[in-house]
Protein chains: 2
Amino acid sequence: MAGSEPDPRRRIVAGAADMISRRGLTATSIREMAKHAGAPLGSTYHYFPDGKQQLATEAVRYAGDLVSRSLRRELPAGPAAGLQAFLDMWRTIVLDSGFRAGCPVLAVAIEEPPTDDLPPALVAAAEAFDQWETLLADSLRAHGADPGEAAEVATLIIAAVEGTVAMCRAKRSIEPLDRTAAQLRRLIDTVTPAER
Amino acid sequence: MAGSEPDPRRRIVAGAADMISRRGLTATSIREMAKHAGAPLGSTYHYFPDGKQQLATEAVRYAGDLVSRSLRRELPAGPAAGLQAFLDMWRTIVLDSGFRAGCPVLAVAIEEPPTDDLPPALVAAAEAFDQWETLLADSLRAHGADPGEAAEVATLIIAAVEGTVAMCRAKRSIEPLDRTAAQLRRLIDTVTPAER
């Protein structure tokens, strides 16, 4: 996910997304995020004057947008193509990192906020999930799924793939993703009868 | 998940499981786990001489066994009853904690090991997932599911519920769990024709 972003600010954001997906947000300092992105600490404070929470929020949005762009690109060919793009992205991240990296949105989602206020990074995580679900649900509806069922299946797809990435990391195996993928493909076929 | 364990050693383990599910493992010190369980730090080192990784491993096993026991208790009534027990457990944890706690097994699964050696807590997380999947898959097979499909559906169920818990925490809403539950119930009906 870090990729090779040419823009230095964006490179720091991409590096932060990768690091949060590996270690979680609380356990990662802004100093480590800067180092991970190969950026001087000073430039990190220059670009992100509000500090770690600002950088983390942008990192979550970066990951959210990366997935959303991929979904928007592939969904015109149908929900199965969107699912495949979503699966392929996580497969690459998990395998290329030796099961060490995963989804920064999930990582932020499962960390308790330090106070009762909702931290902006957590709000960004909720927005990323919402966006992915909406894109998938709209596509399912456009391909003949019942509206209520489309919403349920979209949530299930996002949740199942996110959960499976975590299982793959624990097991050091990509097999859970293959199993989940097979079932989700079949489910999409079932709820979009126009496609069969 | 902390519950009210009468045994002091077990109370520390249960408290650690709860804390890991809220904050992750790397971000939690053994001192904080002791404090969270209301135990003196000295007794924590007494019970867990190998320190944080030992306590974390037992915490993951504790959570794994809690779920497995619940599944073993409910699955004789069929896979749908097992799913319901799994869903009910996470619903209670998420709602009772105000969306702050979740699954310690997932939390440990998505943290990069500090070295190339597999930490025992991560191995315990993989074992917990395996155990839950095996229990569900065996039940699905016993109720008429095709063996290969039973394995896929069991993985999907565990992954989807785990991922949904994370989505609920990010969104501060239990709605994702209701959506996922509806689809998983339907899927179990589809693959266990003997039950319909």
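The dialogue below treats the relation of the chains, their interface, and selected helices and residues.

Mentor: This is a predicted model, in which local features need pLDDT of at least 70, side-chain atom pairs count only at pLDDT 80 or more, and totals for chains, interfaces and linings use all residues. Residues are numbered from 1 along each chain as its sequence is written, while chains are lettered from A and ligands numbered from 1 in the order in which they are written.

Trainee: What rotation and shift superpose chain A on chain B?

Mentor: Copies are superposed by least squares on the C-alpha atoms of residues with pLDDT of at least 70 in both. Here a rotation of 180° with 0.0 Å of shift along its axis brings chain A onto chain B, with an RMSD of 0.0 Å. The two copies are thus related as by a two-fold rotation axis.

Trainee: How many residues of chain A are in contact with chain B?

Mentor: Two residues are in contact if their C-beta atoms, placed from the backbone, lie within 7 Å. By that criterion, 37 residues of chain A are in contact with 37 residues of chain B. On the side of chain A that touches chain B, α8(A) gives the largest share, 15 residues. By class, that side has 19 nonpolar, eight polar and ten charged residues; Ala, Val, Leu, Ile, Met, Phe, Trp, Tyr, Cys and Pro count as nonpolar, Asp, Glu, Lys and Arg as charged, and the others, Gly among them, as polar. Of the interface residues of chain A, 100% are also interface residues in chain B, so the copies meet through the same surface.

Trainee: How is a pair of packed helices described, and at what angle do α9(A) and α8(B) pack?

Mentor: Two packed helices are described by the angle between their axes and the distance between the axes. Axes are lines fitted to C-alpha atoms, for helices over the stretch in contact, and angles run from 0 to 180 degrees between N-to-C directions. For α9(A) and α8(B) the angle is about 100°, and the axes are 8 Å apart. The two helices are therefore roughly perpendicular (65 to 115 degrees). Among the residues making this contact are Pro176(A) and Arg179(A) of α9(A), and Leu156(B) and Ala159(B) of α8(B). The residues of the contact divide into six nonpolar, three polar and two charged.

Trainee: How far does α1(B) reach from its first C-alpha to its last?

Mentor: Helices (H or I, at least four residues) are DSSP runs, numbered from the N terminus. The expected span is 1.5 Å times one less than the number of residues. With 16 residues, α1(B) reaches 22 Å, close to the 22 Å expected. Gly24(B), which follows α1(B), has a positive phi near 85°.

Trainee: Is α1(B) mostly covered or mostly uncovered?

Mentor: A residue is buried if 20 or more other C-beta atoms lie within 10 Å of its own, exposed if 12 or fewer, and partly exposed in between, with C-beta atoms placed from the backbone. In α1(B), twelve of the 16 residues are buried, so the helix is mostly covered. These buried residues pack against α2, α3, α4 and α6 of chain B. One of them is Ile12(B), which has 26 other C-beta atoms within 10 Å. Beyond four places in sequence, Ile12(B) touches Ala34(B), Ala37(B), Ala39(B), Thr44(B) and Tyr47(B).

Trainee: Which residues is Ile157(A) in contact with, leaving aside its neighbours within four places in sequence?

Mentor: Ile157(A), in helix α8 of chain A, is in contact with Leu83(A), Leu136(A) and Leu184(A), those neighbours aside. Ile157(A) is buried, with 28 other C-beta atoms within 10 Å.

Notes
Angles under 35 degrees count as roughly parallel, over 145 as roughly antiparallel, 65 to 115 as roughly perpendicular and the rest as oblique.
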